[in-house]
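Please read this note with the model open beside you.

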Amino acid sequence: MATANQSVNSYPVRSVPLTRPFIWLSEGWDDLMHHRNASLAYGLLVTVLGALILAYGQHPFFIAAVCVGFLLAGPILTAGLCELSRCRDEGEVADFQSSLRPLKRNRRNLLGVAETLALLALIWFALSGFLYLGLIGSIAPSVESSMWGDFMQHVNNSQLIAYGAVGLVLAAVVFTLSVVTIPMIVERHVDASTAMRMSLKVTLRDLPAMLVWAGLIAGLVAIGFATSLLGLIVIFPLLGHATWRAYKELVE
């Protein structure tokens, strides 16, 4: 579906209190339970994809490749979850197969978002590689030593802090550009640029609440990884549905 670049001023933004992100999670849980099988299927897909990170997670280059793949697939999967929530709001019957419809209707726009997020991931790993090069004279330890050894043995605290700082900054950028991007594309079929600029507007308008929301997302994702990714089977669809609830409350 072709769309034109639109003004974000066409879409008023509501202010919300700090506690609203907790309500979005509660409502997202209700959506997950309403579409249990379809929602958990999305969570399982993400967990399988994330398992690649654990399989090759000891080497930065493998992490880069898998994370770029995740950022390409993540928005598409989130679109399906948002479609399930939209159908529930509209009283429509939906299952996993029907939730894939936004992929066809909004393919170009979703790919535009995925490409932007993938570019940010590449920037993260490029900057991290340059930091590593500047600190110890090589971009990364050899594949053999890190695959069969321990990557943590090849870096010191300063390198880890630098690596994490770059990742934190770019993660904040990704969050800012994606708060309401996917559900807005799903419901209003706007182009990727308009949706991402709308996310920026929402973030700046309600920065305190958005910080709470970002903290909840980070905490839940951390739990997912702490459980060897098994927790993501539930956490990913929960966050996808909650993202829809956030969008419906934030954007008029």
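Does Arg105 count as buried, partly exposed or exposed? At 27% relative accessibility, Arg105 counts as partly exposed, where buried means under 20% relative accessible area, exposed means over 50%, and partly exposed is in between, with a 1.4 Å probe and protein chains only.

1. On the basis of this note. The model is a predicted one, in which local features need pLDDT of at least 70 and side-chain atom pairs count only at pLDDT 80 or more, while totals for chains, interfaces and linings use all residues. Residues are numbered from 1 along each chain as its sequence is written, and side-chain values use heavy atoms, with hydrogens and water left out.

2. On the overall fold. The protein chain has 11 helices and 0 strands, these being DSSP runs numbered from the N terminus (helices are H or I with at least four residues, strands are E with at least two). Of the 252 residues in the chain, 46% are buried.

3. Searching the whole structure gives 11 salt bridges, each being a side-chain nitrogen of Lys or Arg within 4 Å of a carboxyl oxygen of Asp or Glu. One of them joins Asp31 to Arg88, with the closest N and O atoms 2.6 Å apart. This pair links distant parts of the chain, since Asp31 is in helix 1 and Arg88 is in helix 3 (residues 60-90), 57 residues apart. Asp31 is buried at 0% relative accessibility, whereas Arg88 is partly exposed at 32%.

4. Arg105 and Glu83 meet through their side chains in a salt bridge of 3.5 Å, N to O. Because Arg105 lies in helix 4 (residues 101-105) and Glu83 in helix 3, the pair ties together parts that are 22 residues apart in sequence. Glu83 counts as buried, at 0% relative accessibility. A further salt bridge, 3.2 Å from N to O, brings together Glu92 and Arg86. Salt bridges that share partners join Glu83, Arg86, Glu92, Arg101 and Arg105 into one network.

5. On the aromatic rings. The structure holds 3 aromatic pairs, in which rings of Phe, Tyr and Trp (its six-membered ring) have centres within 6.5 Å, and planes under 30 degrees apart count as stacked, over 60 as edge-to-face and the rest as tilted. Among them, Trp24 and Trp213 are edge-to-face, at 5.5 Å centre to centre and 85 degrees between the planes. The pair links distant parts of the chain, from Trp24 in helix 1 (residues 20-34) to Trp213 in helix 10 (residues 207-226), 189 residues apart. Trp24 is buried at 0%, and Trp213 is buried at 2%. The ring centres of Trp244 and Tyr247 lie 5.4 Å apart with planes at 55 degrees, so this pair is tilted. Both residues lie in helix 11 (residues 232-250), 3 residues apart, about one turn of the helix.

6. On the cysteines. The whole structure has 0 disulfides, a disulfide being a pair of cysteine sulfur atoms within 2.5 Å. Cys82 is buried, with a relative accessible area of 0%, and Cys87 is buried at 0% relative accessibility.
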